[in-house]
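Please open the model in a viewer and keep the selection panel at hand.

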Amino acid sequence: MTIAIRRYTNEMRPAWDDFVRSSKNGTFLFCRDYLEYHRDRFDDYSLVVLDGERIVALLPANRVDDELQSHGGLTYGGFVTSETMTTPLMLELFAALGDYLREAGFRSVYYKTIPAIYHAVPAEEDLYALFIGQAALVRRDVLSVVRMARRPKLQERRRRGDAKAARAGVKVARSDDWPAYWALLSDHLQQRFATAPVHSLAEIFYLQGAFPANILLYAAWLDEEMVAGVVIYLSAEVAHVQYIASSAKGRDLHALDRLFVQLIDEPAIQRRYFDFGISNEQQGRVLNRGLIEQKEGFGGRAVAHDFYRIDLDAARQ
């Protein structure tokens, strides 16, 4: 097999998206409509790996000075591959990648992995190649994940919160009122963390319109007032919580307890895994114990998400 690496061009868009959809570890986040909604923020340097005319792998990426980075607009990344990917081929691929990037003037690679829960078929060939290439582990996050086939028992504190919200009349339903939720979310993030949502309202409108079956909003209501909500990202294997927010009234009512107890069992989003996301700060080295305690109360348990840096000069020696 002769591996060739090419920089992505717009003419490759249909083939890129088709490969993502048929891959063993890709999700809708790797489709070009998702990658390019914030094209103004990143110098896209995505790569296509070919054997002749056949695509064997994709690498969503961007350039920052002399470093190639797994795409900065994505939570997870790394090589997207098909079921034909093997470990020996991945070793060849990493060797070819190093040669290609050194030729293009790069000095290093910052590589995000794709957590195993997102794999439709085992796809950790890259982890072995990173080990062989002496890549340095520079960050490790911990996801709180519910495995639906074997769920830990609901924490008593969460059960009581759900019951309190139910007695108060809190109702949970899917919603299309994105402006109301974005106002609630923005207020929540500003008051509690002095920050703002990663996506603007216009951006989430665009993304939800591009991926209506994958990006959903569920909210908790007291009468006509939205008091809590979550945005769910649906892939083939995982229901992932992208945003969580509650108003002050919602917190008093334990509306999030009510929302998550119902949402985890919601037939419309049933997947093998329910992923609450991370509870880390400072590149994974600080654990927000209060946040992870809440997620683990619903049955979430740890899945590691690793990030690596490859020194291309050292890898050549």
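**Salt bridges**

The model holds 23 salt bridges, a salt bridge being a side-chain nitrogen of Lys or Arg within 4 Å of a carboxyl oxygen of Asp or Glu. The model is predicted: local features need pLDDT of at least 70 and side-chain atom pairs count only at pLDDT 80 or more, whereas totals for chains, interfaces and linings use all residues. Residues are numbered from 1 along each chain as its sequence is written, and side-chain values use heavy atoms, with hydrogens and water left out.

Select Glu 67 and Arg 309 to begin. Their closest N and O atoms are 2.7 Å apart, and the two form a salt bridge. Because Glu 67 belongs to strand 6 (residues 67-70) and Arg 309 to strand 17 (residues 301-311), the pair ties together parts 242 residues apart in sequence. Strands (E, at least two residues) and helices (H or I, at least four) are DSSP runs numbered from the N terminus. Glu 67 is buried, at 9% relative accessibility, while Arg 309 is partly exposed at 34%. Here buried means under 20% relative accessible area, exposed over 50% and partly exposed in between, with a 1.4 Å probe and protein chains only.

Next, select Asp 313 and Arg 107, whose side chains meet in a salt bridge of 2.8 Å, N to O. Asp 313 sits in helix 11 (residues 312-316) and Arg 107 in the loop between helix 3 (87-103) and strand 8 (108-112), so placed that 206 residues separate them. Both are partly exposed, Asp 313 at 23% and Arg 107 at 44%.

For a network of salt bridges, select Arg 13, Arg 32, Asp 33, Glu 36, Arg 39 and Asp 44, which are linked in this way.

**Helix 5**

Select residues 156-168. At 1.5 Å a residue, the 13 residues of helix 5 should span 18 Å, and the end C-alpha atoms are 19 Å apart, which agrees; the expected span is 1.5 Å times one less than the number of residues. Which residues of helix 5 are buried? They are Arg 158, Gly 161, Asp 162 and Ala 165.

Just after the helix, Gly 169 takes a positive phi of about 95 degrees.

**Strand 4**

Select residues 54-59, where 5 of the 6 residues of strand 4 are buried. Strand 4 pairs with strand 3 (residues 47-51) in the antiparallel sense over 5 bridges; two strands pair if DSSP finds at least two bridges between them. The two strands form a hairpin with 2 residues between them, and Gly 52 in the turn has a positive phi of about 70 degrees. Ala 57 of strand 4 stands opposite Val 49, and also opposite Thr 81 in strand 7.

**Nonpolar core**

Finally, select Tyr 34, Tyr 181, Ile 215, Val 231 and Tyr 233, which have the most contacts inside the largest nonpolar core, of 44 residues. Such a core is a set of buried Ala, Val, Leu, Ile, Met, Phe, Trp, Tyr and Cys residues joined through side-chain atoms within 4.5 Å. Helix 6 (residues 178-193) gives the most to this core, with 6 residues.
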